[in-house]
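Have the sequence and the 3D view open side by side as you read.

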Amino acid sequence: MFAVRLYDVVLWVHITAVVIAFGALFAYPVFLAVVAKAPIAQRSTFHHAQIAFSKRVTGPTIGVILLAGIYLATDADLWSEIWVTVPFVLLFVIAGLGATLLRRGEERLVATAEAGDEAGYAAALATLRTWTYVTIALIVVAIFFMAVKP
């Protein structure tokens, strides 16, 4: 007989929320490279979309990741496991980077694009690209810990 436990449903919600919250971030390096080649007057639209996605999708979905993760760790009594602790801490670091450095970088890209400031845009893009790669690396580390359970 097919039986579904609440734990399994919450695990599915947790994994799905990770894909929704962070999946697009893995495409950002490509998007940023393509957008940077567009005429500067057209670039801000993409960056407005980035900011909107972050506020309306990524931010709230991080809350779902956190709540589902807390349930999973508590239900299975896993709080003492390093493979739970490291991703838990990294979630806060990743959320903090998204709400501060990444958001400010996106806002700088909007401002410099709207001002027609190519040099300012290039500098802001380089900084945002760096923090995007750092954030992606942290997400990959968190997934490694959750999947491999060292």
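This is a predicted model: local features need pLDDT of at least 70, side-chain atom pairs count only at pLDDT 80 or more; totals for chains, interfaces and linings use all residues.

Start with helix H2 (residues 28-36), whose buried residues are Tyr28, Pro29, Leu32 and Val35. Buried here means under 20% relative accessible area, exposed means over 50%, and partly exposed is in between (1.4 Å probe, protein chains only).

Numbering runs from 1 along each chain as its sequence is written, and side-chain values use heavy atoms, with hydrogens and water left out. Helices (H or I, at least four residues) and strands (E, at least two) are DSSP runs, numbered from the N terminus.

So what do the buried residues of H2 pack against? They pack against H3, H4 and helix H5 (118-148), with contact meaning heavy atoms within 4.5 Å.

Now follow H3 (residues 40-75) and H4 (residues 82-115), whose axes come within 9 Å and cross at roughly 165 degrees. Axes are lines fitted to C-alpha atoms, for helices over the stretch in contact, and angles run from 0 to 180 degrees between N-to-C directions. H3 and H4 are therefore roughly antiparallel, a label for angles over 145 degrees. Their contact brings together 15 nonpolar, six polar and six charged residues. Ala, Val, Leu, Ile, Met, Phe, Trp, Tyr, Cys and Pro count as nonpolar, Asp, Glu, Lys and Arg as charged, and the others, Gly among them, as polar.

In the loop between H3 and H4, look for Asp77. Asp77 isn't a glycine, yet has a positive phi of about 55 degrees. Most residues other than glycine have a negative phi. Asp77 is exposed, at 62% relative accessible area.

Next, H4 and H5 pack at about 165 degrees with their axes 9 Å apart, and are therefore roughly antiparallel too. This contact divides into 24 nonpolar, six polar and two charged residues. In the segment after H5 comes Lys149, another non-glycine with a positive phi of about 55 degrees. Lys149 is partly exposed, at 43% relative accessibility.

Terms used
Angles under 35 degrees count as roughly parallel, over 145 as roughly antiparallel, 65 to 115 as roughly perpendicular and the rest as oblique.
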